[in-house]
Amino acid sequence: MVTATGPASAQQPDPDRWHSWLRALDREDLHRYLTTLEGWREFTVQDPIPPELLPDHALADLDDDAREDYDDGRLDYHTRLTVAATSTLRTVVTSGRRLTLLNRHAISARRGLILSGPAGTGKTTALTQFGKTIEAIDRRRHPGADDRIPVVYVTVPPAATSRMLAVEFARFLGLPVTTRANITDVIEAVCGVLIDARVSVVCVDELHNLSLATRNGAEVSDTLKYFSERIPATFVYAGVDLEAGGLFDGTRSRQIAGRFAVIDTVSFPRTKEWTGLVSTFEDALRLHRHQPKSLEGLAHYLHDRTGGMIGSLSHLIRGAAIDAILDGTEQITRKSLERVRLDRAAQNRKTKPSP
C-alpha cells in the first residue's frame, strides 16, 4: 500500500490489476454475493458511509500503519461508491411496487416485469435496488421477523437446465441438495419454504442465458412459469437484449408477453440528466485534492468515453479515484481518466470526441 501523500514520492500501482478487479466486482462477484440469502441480506442493510476526509495537518501526523488503514478505508469505499438514482431506476422501483400491490390478492395470472437492454445500462442495479426497497418496506412493517424472506435474487446459469435453475433457488435459501435429489423434490422444497417465508418479490437476473429455441431453455421457461404459479410473488426478470433474443416469439413467449410489462434500459443521451449523474458520482468522491465540478465540466468527454452507459461511467470514475489514492495525486483529471481502461463494448460505443 502506498503511504506517500504526493505524486513525486508515490509508487506506481498496477492499473490493470485494479481495473480488472473492479470489472470482476461489477459482474461475477456481485452475482455470487447476492445469490445467497446471507449475502442478499447483508447487501440490503448496507449503506456505505462516506469516510471523513482528514485535514492536512492530521493527515501529515499519521504514521505509516495509520495512513495505510486510512487509505484502505477510502479504497474500499470507492470500489462501491454510490448508486445514482437514474430515471430508469426510479421507473423500475415505481412500476415494481405498483405490481406488488396489484398482485397482493391475485390468485393466478400475476403480472410481472422485465428489464431488457444492452449490457452496462443499469439493469442489475435497478433490479437489486428494487429488491432492496421491498426488503426495507417489509422490515419496517415486520420489525424483528427474521423468519420472513420478502425477496429472492437468483441468476440463470449459462446453458441452464430446469434442475440447475431449481438448485439456484435452493442455494439462495441454503437448502441442502444432494446429487440424487430430483427436480420435483427441489421445487417442492423451494416453494414450501418461500410460501412459509411470505416472499413477495422474486428477482431473476441474466435471463439472456435462457434460449427458448432449445429444449433445455424451453424447460427452464416452464419451470419459471411453474414457480410463478406456485409462489404468490411478483416476478421481475432482467437480461441483455431479451426481445432481440426471441423471448417473445412462439407459444411460450406469448404467455410471457401476456403477463410481463417491459422496461427498456438504454444508454443516456447527452442531457441534463447525464450531467447530473456525473455530478452525483463526483459529489461522492473522497479525495484530498480533487477540484470540485471538474468532472461535471468533463461531462461531454465522459459521455464520449462511455457511450452514455451508466455502468461504464461508474467503472471509469471509481477506477480513476482508486488510482488517485494509490499514486498519491488525490484528484481526478482528464489525463488520469484516460489511463483507466474500459470494457471493449464501451470502447466500441465511443462517439466522436468533443471539441
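These legends accompany several close-up views of a predicted model of a protein chain.

**Figure 1. Overview of the predicted protein chain.**
The chain in this predicted model contains 16 helices and 5 strands. Of its 355 residues, 47% are buried. When contacts between residues at least 6 apart in sequence are considered, 76% of them join residues at least 24 apart. The views that follow take up individual helices, a pocket and several loop residues.

**Figure 2. Helix α3 and its buried face.**
Helix α3 spans residues 37-45, and its buried residues are Leu 37, Gly 39, Trp 40, Phe 43 and Thr 44. Seen down the axis of α3, these buried residues fall within an arc of 165°, so they line one face of the helix. Glu 38 and Val 45, on the other side of α3, are exposed. Ala 136 belongs to helix α7 and, at 28% relative accessibility, is classed as partly exposed.

**Figure 3. The second largest pocket and its lining.**
The second largest pocket holds about 470 Å³ of space. It is lined by 19 residues, of which Thr 100, Arg 104, Asp 138, Arg 141 and Ser 200 are the closest to its centre. Two or more lining residues are given by each of the elements α6 (87-102) and α7 (123-141), and the largest share of the lining, 4 residues, comes from α7. Sorted by class, the lining of this pocket has 7 nonpolar, 5 polar and 7 charged residues.

**Figure 4. Asp 196 in helix α9.**
Asp 196 is found in helix α9, which covers residues 183-196, and with a relative accessibility of 57% this aspartate counts as exposed, the cut-off being over 50%.

The buried residues of α13 are Ala 299, Tyr 301, Leu 302, His 303, Asp 304, Arg 305 and Thr 306. Asp 304, which has its place in this helix of residues 299-306, is buried with a relative accessible area of 5%. The side chains of Asp 304 and Arg 270 are joined by a polar contact of 2.3 Å. Just after α13, Gly 307 takes a positive phi of about 65°.

Apart from its neighbours within four places in sequence, Leu 287 is in contact with Leu 53, Arg 74, His 78, Ala 321, Ala 324, Ile 325, Glu 330, Gln 331 and Ile 332. For Ile 325, which is 38 residues from Leu 287 along the chain, the separation of the two C-alpha atoms is 7.3 Å.

**Figure 5. Two loop residues other than glycine with positive phi.**
Most residues other than glycine have a negative phi. Glu 330, a residue other than glycine, has a positive phi near 60° and is found in the loop between α14 (310-326) and α15 (334-338). This glutamate is buried, with a relative accessible area of 1%, and Glu 330 is also one of the residues in contact with Leu 287. Asp 241, likewise not a glycine, has a positive phi of about 45°. Its place is in the loop between β4 (234-240) and α11 (250-259), and with a relative accessible area of 36% Asp 241 is partly exposed.

Note on methods
Residues are numbered from 1 along each chain as its sequence is written. This is a predicted model: local features need pLDDT of at least 70, side-chain atom pairs count only at pLDDT 80 or more; totals for chains, interfaces and linings use all residues. Side-chain values use heavy atoms; hydrogens and water are left out. Buried means under 20% relative accessible area, exposed over 50%, partly exposed in between (1.4 Å probe, protein chains only). The arc is that of the directions from the helix axis to the C-beta atoms. On a 1 Å grid over the protein atoms alone, a cavity is a set of points where a 1.4 Å probe fits but cannot get out, and a pocket is an open set with protein on both sides within 12 Å along at least five of seven lines; lining residues have an atom within 4 Å of a point. Grid points are joined across faces, edges and corners, and a volume is the space filled by probe spheres set on the points. Ala, Val, Leu, Ile, Met, Phe, Trp, Tyr, Cys and Pro count as nonpolar, Asp, Glu, Lys and Arg as charged, and the others, Gly among them, as polar. A polar contact is a pair of N or O atoms within 3.5 Å; within protein, one must be able to donate a hydrogen and the other to accept it, and residues adjacent in sequence count only if both atoms are side-chain atoms. Contact means heavy atoms within 4.5 Å.
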